[in-house]
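Let's walk through this protein together, going from the overall picture to the aromatic rings and the strands around them. Keep the viewer open as you read.

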Amino acid sequence: MRLINTTTLQVEEFIDQYVPPYAILSHMWGEEEVSFQEMQGCDEISTRKAGYKKIKQCCEIAMSDGFKHVWVDTCCIDKTSSSELSEAINSMYRWYLIADVCYVYLSDVQSTGDPKASESAFSRSRWFTRGWTLQELIAPSNLLFFSSDWKEIGSKSSLRKSIIATTGIHLRILLGGSVDKASVAQRMAWAANRKTTRAEDLAYCLMGLFNVHMPMIYGEGGDHAFLRLQEEILKLSDDQSIFAWTSSQCSGLLASSPAAFSHSDHIVAGSQTRDSKSITFSNKGINIELPTKKIALREKDVRSADSLCAVLDCYTSEDRTTKVGIELSLSSTVEGLFYRVPTTPLLPVRNSEAEELRKTRVYVEQSRSTIKAHICEQYLIRATTSLRENGFLFAGGGVYKWEEKALKWDKNAVKWGFGLRSGFCYHSLLPEGDELHLLSPNRTHLPSQIFGAAYFKYGQKDAFIVLLKTEEMSTSIDILVPLENETVEDIMRSYNRLDRQKSTTRKWKGGSDQLLWSLPMRVESILVKTRKQMVSGKSTNVITIDLVK
């Protein structure tokens with residue numbers, strides 16, 4: 001371990017058992033940080049950098065507190081050595097844990113403000129949004145915060161209310177309690193809204209919180225690194241809250257990023273009885289034994305008849321009498337394989353019911369390329385006020401999927417039987433217009449043709465339908481004019497038989513686009529603009545419908 005001498009500002013190296021007492025720095029990296037090599041040479045250019053001044057100021061404070069050494073991540077690790085960097089990252093939580101004091105330098109917080117005030121600059125500091133600073137906040141028992149001018153503004157203890165409100169970390173953990181007392185889901189939730197410069201670091205920065213060690217493979221991708229992290233956690237823990245997350249991405253039993261746990265901060269672990277046969281990994285997927293029950297289907301429900309509720313050994317902190325379940329559905333492509341149904345909420349199951357359920361061993365597909373292999377698109381059809389001002393009102397809509405009922409060979413042609421079901425949508429009336437939220441389910445497992453339709457009507461006769469069709473990995477947009485007394489369902493059926501498809505259908509694969517359709521018997525045209533943007537924290541294909549003359 002390398003430490004900086006607070007008197008000479010020279011980097012010194014120590015063997016673990018002979019490491020002296022030291023202070024440690026937590027900060028946000030800037031553009032002028034000083035590397036290990038620059039600290040060794042320490043020429044005039046390096047000493048003029050803002051990063052060097054930060055190190056010097058930290059050493060002065062540490063020396064005034066009686067410390068002869070400090071550790072700073074920018075210059076105490078030789079980052080040109082991949083093996084040293086990997087060893088340091090695997091050791092970093094322990095280094096912060098055993099440090100005598102941690103100085104947190106907040107470059108975006110002035111000393112003049114009140115850090116305890118609501119919406120203070122302290123609580124809004126970027127330091128609370130970074131991935132690496134999570135372990136740097138939790139691990140040290142003695143932690144002091146400093147403003148941009150190096151004035152002490154409080155300790156972890158004195159500012160605990162503001163910190164808890166900002167981070168969601170439990171008081172007992174924040175003030176030195178064992179981090180293992182928090183469930184896997186709760187620890188993941190603390191990192192759900194944090195960011196790192198490199199995608200893989202969002203997984204690597206959490207290793208210390210779970211006491212796991214694994215090699216760094218920069219370039220593997222953030223989703224793959226996070227999958228490896230969860231696999232390492234499962235080797236040490238039977239905490240099934242690791243499966244208690246929700247996301248629109250279908251990655252399997254394991255999540256593709258901490259963001260999937262953003263609503264799991266209230267999930268607590270169950271008994272965690274160790275069972276070496278409880279979970280195994282194979283080329284077929286994750287093999288696990290869980291209590292399961294069939295999910296009752298309602299009319300017009302899009303769920304597969306083979307959908308199961310798999311009950312996890314975890315609860316919500318508000319109700320220990322109810323366990324948490326997740327929805328699994330039988331794959332239509334691989335026999336005996338289940339997949340995790342996206343966007344479905346965690347399902348409550350009473351303890352009394354869970355105890356009566358029979359345990360079932362299931363294989364659940366786990367993709368290592370979650371973004372590419374299991375894309376689940378979210379769409380938002382947004383009508384502008386110009387439609388309403390010109391007399392067009394939203395008259396219904398939804399998502400419709402075709403289910404193959406039978407395949408019968410005929411002498412002359414193949415005849416298909418289809419059934420129509422609707423779901424996966426909700427509609428809201430907003431001040432700026434109408435919105436219809438649509439979700440296209442995983443196209444790998446569900447029927448390939450998914451229709452999203454928004455029906456706009458003018459009086460008793462004039463109407464048009466904005467139709468979205470997802471097929472394989474492409475999306476089409478079309479504008480259809482219904483015949484008299486024709487329903488949306490009728491249009492879906494005729495469209496599927498190719499009776500109504502027009503040359504105006506446009507293939508659309510996301511991004512910005514602008515499409516124009518003329519309405520028969522009217523001077524106006526329909527202008528459709530498409531673009532991708534964040535809506536409620538999710539990447540969404542927004543389709544804006546406008547009426548132009």
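The paragraphs below start with the whole chain and then turn to details.

This is a predicted model, so local features need pLDDT of at least 70 and side-chain atom pairs count only at pLDDT 80 or more, while totals for chains, interfaces and linings use all residues. Residues are numbered from 1 along each chain as its sequence is written, and side-chain values use heavy atoms, with hydrogens and water left out.

The protein has 15 helices and 27 strands, taken as DSSP runs (helices H or I, at least four residues; strands E, at least two) and numbered from the N terminus. Of its 549 residues, 54% are buried, meaning under 20% relative accessible area with a 1.4 Å probe, protein chains only. Among contacts (heavy atoms within 4.5 Å) between residues at least 6 apart in sequence, 61% join residues at least 24 apart.

Now to one of the sheets. Seven strands form an open, mixed sheet in the order β2-β1-β4-β3-β5-β6-β7, where two strands pair if DSSP finds at least two bridges between them. The edge strands, β2 (11-13) and β7, each pair on one side only. From one strand to the next, the twist averages 35°; axes here are lines fitted to C-alpha atoms, for helices over the stretch in contact, and angles run from 0 to 180 degrees between N-to-C directions. Helix α4 (residues 82-98) lies across β1, β3, β4 and β5, at about 110° to β3. At the β7 end, β6 and β7 pair in the antiparallel sense over 3 bridges, and Phe145 stands opposite Gly154 in β7.

What does a search for aromatic pairs find in the whole structure? There are 11 of them, with rings of Phe, Tyr and Trp (its six-membered ring) pairing if their centres lie within 6.5 Å; planes under 30 degrees apart count as stacked, over 60 as edge-to-face and the rest as tilted. Tyr105 and Trp150 are stacked, with 4.4 Å between centres and 10° between planes. Because Tyr105 lies in strand β5 and Trp150 in the loop between β6 and β7, this pair ties together parts that are 45 residues apart in sequence. Both Tyr105 and Trp150 are buried. Phe122 and Phe145 form an edge-to-face pair, at 5.0 Å and 85°. Phe122 is in the loop between β5 and α5 and Phe145 in strand β6, 23 residues apart; Phe122 and Phe145 are buried too. Finally, Tyr103, Tyr105, Phe146 and Trp150 form one aromatic cluster.

Key
Buried means under 20% relative accessible area, exposed over 50%, partly exposed in between (1.4 Å probe, protein chains only).
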